Amino acid sequence: MKKTLLALIACLAFAIPVSAQQKAETPNRMLIHNAAGYSGHVIDRVDSLTFAHVAGDVKAEIEILEATCDSLKLSVTRTESCKGFKINVVPATIAGQITNDQQIIAHLNSIESPTYYEDFTEGILSGIQLNADSKYVVYTVGIDLYGIEDGVCKAEFSTPAPEIIGNPEVTVEILERTLKTFKIAVSPNEHVDKYYCVAGEKGTMQQQYEQFGPMFGFTNFSQMIKMWGTERSGIDEVEWTDMAPNTLHEIFIVCSDENGNLAPYQVFEVSTLELGGPGKASVAITLGEYKLTDWGSGEEPEMKPSQFIKFTPNDQTSCYRMGVYKASIYDTVDKETLWSELRSDPPMPTAYWFFYEEMETDFQIDPAVEAVAIAAAKNINGEWGDVTELRFTTPAEAGEADKAGYVSSATIIPRLKALERKNKIGGGTVPHFRKIGLTLQH
């Protein structure tokens, strides 16, 4: 049988490119690949390799009959070829990032999903603790007579909202708006115990929820507001700083009742003041000093040569972008593609994507290096202007460069100070779907 197995593997090896065969040793491992990865076997320990046929689908169909935060009433019906099934509950934020059946099977195995070998007409899935007013998905994975995990079925459901005491809500008054800040006054009614405030550019909070929900364990939008917001009680003023000028923002506020249950969240819109004009936006680029500066992050200084560059937007600019490249790299890339990337909006709010005011900063560039600085701006109507391009060569030396002992840099590194925000991530804990021993019974 060993000879037969090795002969089969040798036949399969013809599918490998000739160049790969020439470099490879005689195979002693058998790898079976699928969309989730691969499983491996030592060939000497494989007694035989056979193929079988299973007729029809191998699935366990699910129907949700009733949902609470600690149990589910459901029916599970197996197909004729389905001998058993695995089952588990997954938050919808996580389920949304699982793209194929192999990944679902791998995920259910990673969270120790129980296996059953019978149908359930009104089964009770207990041993779970779900968050109120949240979306979840129940998955089953069918198992055939060989013990192979096959078909995936799912059923989506939502847990009931908590019983709220009274009608906790707030009223909001906009007190002040500037180019990069806004301040509001919040007045809660008598049913509010605490409230949580968070703000973001209009339309971006849902995107952040979908991206960060699985990481932070969010199962509903209000949890994100609570964790990312600032906790407050009573009449108060809330201010946000370092916001984007000329931008419509949404302020999300969620209130809790005297039992700590979260009421439906409220949304208020506010715009920062306008910046720029309808004319042609542009950015002037001016070279500054070239000298040694400290690039170290610890107690000991790390002196490196720096080229200071100033970027000055004109009065029609609402925002601008810039970049500095070695000419040896800049001259080899497609300029139109690079300029198109420069004149683009971020896929999601990103620090240092846009700049709004005149800025001078230094870039770590070695002596005697030809470089290119570029910048482009858009006006108040969102229309991009032309790209400003400044080509320059750094001096042959920078102060005591020969004595500095710096390590030559392959890329150009800008120095940007970290943003300081008053509205930091506030109170609250990260809720999560806890893995508890699941049991399904009639």
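Let's start with β17 and β18. Strand β18 covers residues 303-313 and pairs with β17 in the antiparallel sense, over 10 bridges. Two strands pair here if DSSP finds at least two bridges between them. Strands are DSSP runs of E, at least two residues, numbered from the N terminus. Asp294 stands opposite Met303 in β18.

A word on the source. This is a predicted model: local features need pLDDT of at least 70, side-chain atom pairs count only at pLDDT 80 or more, and totals for chains, interfaces and linings use all residues. Residues are numbered from 1 along each chain as its sequence is written, and side-chain values use heavy atoms, with hydrogens and water left out.

Now the sheet. Four strands form an open, antiparallel sheet, ordered β17-β18-β20-β23. β17 (283-294) and β23 (413-414) are at the edges with a single partner strand each, so one side of each has no neighbour in the sheet.

Next, the cores. A nonpolar core is a set of buried Ala, Val, Leu, Ile, Met, Phe, Trp, Tyr and Cys residues joined through side-chain atoms within 4.5 Å. Buried means under 20% relative accessible area, with a 1.4 Å probe and protein chains only. The largest core has 21 residues; Leu72, Phe85 and Val138 are among those with the most contacts inside it. β3 (60-67), β4 (71-78) and β5 (84-91) are among the elements giving two or more residues to this core. Another core lies apart from it, with 19 residues, including Phe355 and Ile412.

Last, cysteines. The structure holds zero disulfides, meaning pairs of cysteine sulfur atoms within 2.5 Å. For Cys82, the nearest cysteine sulfur is that of Cys153, 8.3 Å away. Cys82 is buried, at 2% relative accessibility. Cys319 is buried too, at 4%.

Conventions:
Buried < 20%, exposed > 50% of the residue type's maximum accessible area, 1.4 Å probe, protein only.
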